[in-house]
Number of protein chains: 2
Amino acid sequence: MPKIKFLPHDKQVEVDDGDILIRAALEAGVHINASCGGEGLCGKCRVIVESGSVQGGISEKLSGEDREKGYRLACQSRVIEDIAVRIPIESEIDASVLNLQSSPRRTARIQEMNLEELKEQGLFNPPVEKKYLELPPPTAQDNLADATRLVSYLKLKHDEHRLVVDLPVIRKLPPILRQEDFRITAILARPVHAGRKTRIINVQAGDTTDRNFAIAVDVGTTTIYGQLVNLIDGSAVAQYGDFNGQISYGEDVISRMIYAEKPGGLERLQEVVVESINKVIRKLLRRSKIDVDEINNITLAGNTTMTQLLLKVPPGFIRRSPYVPSSTLYPPVKAADLGFELGDHVDALVYPAVSSYVGGDIVAGVMGSGIYRTDELTLFMDIGTNAEIVIGNRDWLACAACSAGPAFEGGGIKFGMRAAKGAVEDFSIDPFTNEPMLLTIGNVRPKGICGSGLITMVANMFEAGVIDNKGKFNRDLATSRIRKTDGVVEYVLAYREETQIDRDLVLTEIDIENLIRAKGAIYSGCITLLAEVGMGIDDLQRIILAGGFGSYVDLEKAITIGLLPEIDPDRVTFVGNGSLMGAKMSALTNRIRQDVVEVTRKMTNFELSETASFMDNYVAALFLPHTDMRHFPRVKARLEMRRAALQ
Amino acid sequence: MPKIKFLPHDKQVEVDDGDILIRAALEAGVHINASCGGEGLCGKCRVIVESGSVQGGISEKLSGEDREKGYRLACQSRVIEDIAVRIPIESEIDASVLNLQSSPRRTARIQEMNLEELKEQGLFNPPVEKKYLELPPPTAQDNLADATRLVSYLKLKHDEHRLVVDLPVIRKLPPILRQEDFRITAILARPVHAGRKTRIINVQAGDTTDRNFAIAVDVGTTTIYGQLVNLIDGSAVAQYGDFNGQISYGEDVISRMIYAEKPGGLERLQEVVVESINKVIRKLLRRSKIDVDEINNITLAGNTTMTQLLLKVPPGFIRRSPYVPSSTLYPPVKAADLGFELGDHVDALVYPAVSSYVGGDIVAGVMGSGIYRTDELTLFMDIGTNAEIVIGNRDWLACAACSAGPAFEGGGIKFGMRAAKGAVEDFSIDPFTNEPMLLTIGNVRPKGICGSGLITMVANMFEAGVIDNKGKFNRDLATSRIRKTDGVVEYVLAYREETQIDRDLVLTEIDIENLIRAKGAIYSGCITLLAEVGMGIDDLQRIILAGGFGSYVDLEKAITIGLLPEIDPDRVTFVGNGSLMGAKMSALTNRIRQDVVEVTRKMTNFELSETASFMDNYVAALFLPHTDMRHFPRVKARLEMRRAALQ
């Protein structure tokens, strides 16, 4: 891995071969002015390569003389060997500045499902298993029914007891048995509880025990993610995501529920989500070259509304006070009965929910991340339009949903957008010139701001003193970037000609207010939930983040704005799509189905809107990072140091 | 009940008010010449009413003088008061003749399901029960999911545990709960084994616990019989029978199996039988004015082929050596999935089979008749084209099927027909004149001979010496009714002009041979089965007859030809449609479903064709009643007495 030494900071970092130089700088906390998102248009990100050389970086924005001197555009340069890079004079004020550089980007460590651990603990036992048999053909003296013969020999040869044979198996057994001379593979579906009946759900001619697959699905409001899982070794053979076709019937769960109450609406939404899942299944099968008949199980997790829509259960009372779902536990159901394009032997196992707003996706995350098996007091968060919070450990679990609003998904933000190409995702600001450094997804000219970019932006502006702790811009700063338009104070991130949108790209005080409200709701949710179980924020030992948002967010920035409690970033892990992880886990570990009922029972749900202290905690959290700085000692120290340096 | 005294026999019987005189005579064993079946055309059944008077009986066959003298046609006379009737001189030979009259008709006592006994034994517990609840509506402080609320209160108020809620209930629960202000009736499906899960299969608004119904069905090869059963009191609300529409695809199970192997054949036969059952269900609902939504269960019994066709299980190997069914146990299946026009909450419970030719209809008969709970060594027989035989008691059960051929259903008999209008069903013969007395179903001119008529005919001719013990007509008798046509010796039952068929109606020696083969196969089956378990015919303590045939057959006649072992007719009972009785019983008694698996396991199936002694026993049984008369002491005594009287 090539090394970069940034001068004059004398900060050294390792990067991957071929990394873009400006991105490496930003992640190291080194500011370089830049406002075109990394497309090479603004020409501001000039740096001098003093030793070694980069690939690219030459641009018409640089004069011949500049090129001779070693100037390169950082956003156009790829690091391919050890280099020393000097940040030009514009940022070089004095030594104290070096301390004012942003802290390097810290994202959460990725916590993957530990298959080996599962195997060691004897928990790798998929709900669907295969057994191979060579049966003696019937004779006049031994003319047991085909099904009886199969059951008898499963008992004799594989010590399998309490077997029942499903009707479709009874239907296909006679020809299949005789196809390869009474050599046959039986597919067994395990009961949730040991001692209950094991079902024979399918039979195949010959020995097919080396191939056994399942589909795991996260049924999201916006997206469907599927994984094709190999039940022999636990590996994910393929993964694919696609939009949930229900989007055409409303962006969020509330609008979907309203649509479901129209005549035929529920049926339509059910068909649409099933078709979206079928699309994902088809893609997974094609990619992995696996035949649909080889899929023996499908596990699904989704929020309560998505789950009820999938199962064609009217969701109307979820959105009406007192917010009652129809059920929290769902029985296994034939995949084909729901409309999935899978064999008629396949059961669909659907994750149970806790309440109307803490759904199966969260329960799946709890199961997949292992919080229900840990000793440490853990905070599990899945942040989207709704933030779901689970606090607890192996002994107890408390959960709540709080309506964060759509700020983290770009909603309610003037130039907010989803995390897609052109979204500002990284940002730093020069504390003296107040010039921005912004990088976009895809390194193209900016067209908006995504959730993680917004957090980084506000955190850095706050630390730089551009924004005060109430979220207002410092009107006294000597920069034309802060201005008032139509009565609203804003900061110009990029001027019209540097953008894709033919307008100045700005961050407004209203945007900041919306972000503060969203983060305040979530923080208040955590505090309130902890208080309800008699604990405080300092008792937290670990944070697990789930959801797309959690993978990108800069942890230090999230703590700086008071979205996350102040905790050692090393104690924060990211499980990615917790819902999908949990769905996969239940395809690999039958034990999950046994545990999950107990876990959901254990998960005490708090309705924050019914908890008196929530509003007080919320109001107290409407500051950066919080009114009570005692819980943010590191942020406080950094602010004080910065203030001292600047005075 | 009016009394009849027959003179000169001085035999007195009681009859129902309005009974036909000639039928009363025949059932009492009094011979009156008659050959038009009871339609009043032959004018032979003249009797003299000496005291009292009858209704009708006047005919143009009687002269004015005859009428004056009190002559009446017995077949046209209804008994409405005590009468004395003299049989005219034609039959009045001498006193010894009186002893030669046939023994009175003895049919089996009808054994009905004893509901009171079931109730006393605590066995009246239908698999589907209702529970009423008044739930507190949810509030902000108590916003349990609807299904959780239902389950919690079923536990609290009705001590119901281990409940699971079916998906259709989860779907309809929210609106149903709110329809009558959280007053609701839950419909519970009990598990087979105590301690397993009870399923909530349906919910209804308000209190509907006073109405709970089931459908019980006998799926016969020829006919479908259904009963609508009230699960509150155990009564049969309505019963209806109709043809199995599969008849158009073949008369017997073999031809159905052959059709099922054609492309689309199995699917077609499945649809057809389901439609036939749906017709019966519709009729039952209309007759009883019960709504389809009030039906909560359907129980079905049929032979192995009918069951596999109903469940769309290919039956091909049933008819091929070594005669292997696909399964003997069938899991519960959704009635709607089979195509039944019943609610989507209704489970179809299908009786298990023992083997390819001892099917669920026989198992149902065993369960319904209680043979599996008795101490007495019992012979259970269901006679049709196949005769199924079960021997045993509470400790053990052995069973076998033997192919009797279709003689008992009129097949292979020159003028054989099903028991329908115009079939000769009763018969006696004058031992001196060899003139017949025959009565038909519906008292119309004869057109054929049904199974029970055939038995009675052959038995009476045998006792009268018209037929010898090899089934040959006595060529020396002075009667023109015995003649040879196209090389075959036959007896003219009715001449052309007395019939509906424009031909002489005859019984041929080939007919008799076929009957002897059929009864020989059945008797040999019993003997062989008994021998296999180390017992003999004299150990039998009780006989239970099932099936349409059993209700009509004259027990003494059946013993006389050697179809049934000689046993006190009081120890023979008739359960009617055993299959339907068993189906009904499993709708009333959940215990049946638990017992039946053990019972089928206990029923040792013998393949008679694989048992060496069967053929020897069969050959020995090809005599009237048998080569070994030691087992027929009563028949032997009667024959000897008759021989003495006639000499």
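One term before we start: a nonpolar core is a set of buried Ala, Val, Leu, Ile, Met, Phe, Trp, Tyr and Cys residues joined through C-beta atoms within 7 Å. Keep in mind, too, that this is a predicted model.

**Stop 1: the core.** The largest nonpolar core here has 392 residues. Select A:Ile22, A:Ile389, A:Val458, B:Ile22, B:Ile389 and B:Val458, which have the most contacts inside that core. As background, nonpolar side chains tend to be buried together in soluble globular proteins.

Now zoom in on A:Ile22. Which residues does A:Ile22 touch, leaving out those up to four places away in sequence? Colour A:Ile32, A:Ala34, A:Gly38, A:Cys45, A:Ala74, A:Cys75 and A:Leu439, and you have the set.

**Stop 2: a helix inside.** Next, pick residues 451-463 of chain A, which form helix H12. From first C-alpha to last, this 13-residue helix reaches 18 Å, close to the 18 Å expected at 1.5 Å a residue. Is H12(A) enclosed or open? Of its 13 residues, 13 are buried, so H12(A) is largely enclosed by the rest of the structure. Then step along to A:Gly465, which follows H12(A) and has a positive phi, near 80°.

**Stop 3: the whole of chain A.** Zoom out and switch to cartoon view: chain A has 19 helices and 31 strands. Its radius of gyration is 28 Å, close to the 26 Å that the globule rule gives for 647 residues, so chain A is as compact as a globular protein of that length. Along the principal axes, its C-alpha atoms fill a box of roughly 100 × 60 × 50 Å. Of the 647 residues in the chain, 50% count as buried.

**Stop 4: the domains.** Give each domain of chain A its own colour: domain 1 (1-92), domain 2 (127-205), domain 3 (213-350) and domain 4 (368-404 + 524-646). How many Å separate the centres of domain 1 and domain 2 of chain A? Taken over C-alpha atoms, the separation is 67 Å.

**Stop 5: where the chains meet.** Finally, show chain B alongside chain A. The contact takes 36 residues from chain A and 35 residues from chain B. On the chain A side, helix H5 (146-158), strand E11 (163-165) and helix H6 (167-179) are the elements that give two or more residues. H6(A) gives the most, with five residues. Colour that side of chain A by residue type and you'll find 21 nonpolar, nine polar and six charged residues.

Notes:
Residues are numbered from 1 along each chain as its sequence is written. Chains are lettered from A and ligands numbered from 1 in the order in which they are written. This is a predicted model: local features need pLDDT of at least 70, side-chain atom pairs count only at pLDDT 80 or more; totals for chains, interfaces and linings use all residues. A residue is buried if 20 or more other C-beta atoms lie within 10 Å of its own, exposed if 12 or fewer, and partly exposed in between; C-beta atoms are placed from the backbone. Two residues are in contact if their C-beta atoms, placed from the backbone, lie within 7 Å. Helices (H or I, at least four residues) and strands (E, at least two) are DSSP runs, numbered from the N terminus. Ala, Val, Leu, Ile, Met, Phe, Trp, Tyr, Cys and Pro count as nonpolar, Asp, Glu, Lys and Arg as charged, and the others, Gly among them, as polar. The radius of gyration is taken over C-alpha atoms; the globule rule is 2.2 Å times the number of residues to the power 0.38. Domain bounds come from an automatic or database domain assignment. The expected span of a helix is 1.5 Å times one less than its number of residues.
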